[in-house]
Amino acid sequence: MRSLKFFGPWNVAVTETEDLTCLAEDDVIIDIAVCGICGTDIGIISGDYSAALTGTTLGHEASGVVTKIGTGVTQLKLGDRVVVNPTYSCNKCRMCLTGNSNHCEMKVGTEAGVSYDGAFADQYRAKEAFLRKVDDKVTLQAASLTEPLSCTITGVDKLGITHTNIRAVVIGAGTMGMLYLWVLYQRGIRAFLVEKDHFRYQFSQQNSPPNTPIYKDFVEALEQEYGVENRQIDLVVDTTGQLTELAFKYLAPGGKILNIALKDKVASFDIMKIADKSLSIIGSIDSLNNSFERAYIMIRDGEIPVEKLISHQFDLDDYLKAFKIVGCDINAKSIIPSLAPNCKVLLRLSSEE
């Protein structure tokens, strides 16, 4: 079978590997239909996120069809269409038992696409407990966005939103930024968007929640929205990691910043203001508190229009083109501006729908 392997920064290749078999009684082998490109994949390839093990197959936002099952599998059968929850948890370690299963102490060696062979491959080996059957009316393409949506729900949960008349901004119009806009919208929050990339700005104009203001500069956006003398903001979701320090300066009392970017970057904050203004700086990653199931239900029921966020699909062998569209030029070993209006780009492994 084919697998897109990571061998070091800017060193990835499609390689031929042996077909997978069930090694444990609760193993399930899936023929992957599609797997989405995530910012984590780009960070691994560029060297910004150094957690990946050499030789690991990349990819974790996947859906497909069950083709082999272990002897202990009881809830799935051959031919079932499924979506993969790649956030493994043992439910026994201290992190799991204190409600932080997304930071399970068994994460190293089990994290799909980072330390465990992921789903940019013809096949993927999963545990039954981390698969969700896909309803007939849901496409496998739409289902593949369950994982990024679940991460979004985790982050919004952490914000503890209790009022809908707050001032809110989402920074970055990639997949996560667009999903945060939509989840906040579903919870009654009108957020504006900041995106300087020309093509992502263009895509967001057509696919954001109704009446979403979109700007290219954060400070200019505050002035346009609230006036030069009243540029305070209550909630900032920074999906880029580039504006967290700047945004901190404009937080209103009680304001919150949520940062989800896996960037090798350092920011400085005024400690006095954190206490004196009751400010919160929050990080979030992965699925938590049943957010994967909640995300799937939102997709199934059409609450989040994930299909319109899928801008491109490429065959696995065209992975260089796929990554370049989103600004990751592997051949040139550089991060570049987007090449076309884009959001979620899928790598297609089979023709299954």
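A polar contact is taken as a pair of N or O atoms within 3.5 Å, where within protein one atom must be able to donate a hydrogen and the other to accept it, and residues adjacent in sequence count only if both atoms are side-chain atoms. The structure is a predicted model, in which local features need pLDDT of at least 70 and side-chain atom pairs count only at pLDDT 80 or more, while totals for chains, interfaces and linings use all residues. Residues are numbered from 1 along each chain as its sequence is written, and side-chain values use heavy atoms, with hydrogens and water left out.

The side chain of Glu-61 makes such a polar contact, at 2.7 Å, with the side chain of Lys-344. Glu-61 belongs to strand E4, residues 61–69 (strands are DSSP runs of at least two residues, helices of at least four, H or I, numbered from the N terminus). Glu-61 has a relative accessible area of 1% and is therefore buried (under 20%, with a 1.4 Å probe and protein chains only). Glu-147 lies 86 residues away in sequence, yet the C-alpha atoms of Glu-61 and Glu-147 are 5.9 Å apart.

Helix H4 (residues 146–159) and helix H5 have axes that come within 9 Å and cross at roughly 55° (lines fitted to C-alpha atoms over the stretch in contact, with angles from 0 to 180 degrees between N-to-C directions). Residues in contact (heavy atoms within 4.5 Å) include Pro-148 and Leu-149 of H4 and Leu-179 and Tyr-180 of H5.

Note on methods:
Buried means under 20% relative accessible area, exposed over 50%, partly exposed in between (1.4 Å probe, protein chains only).
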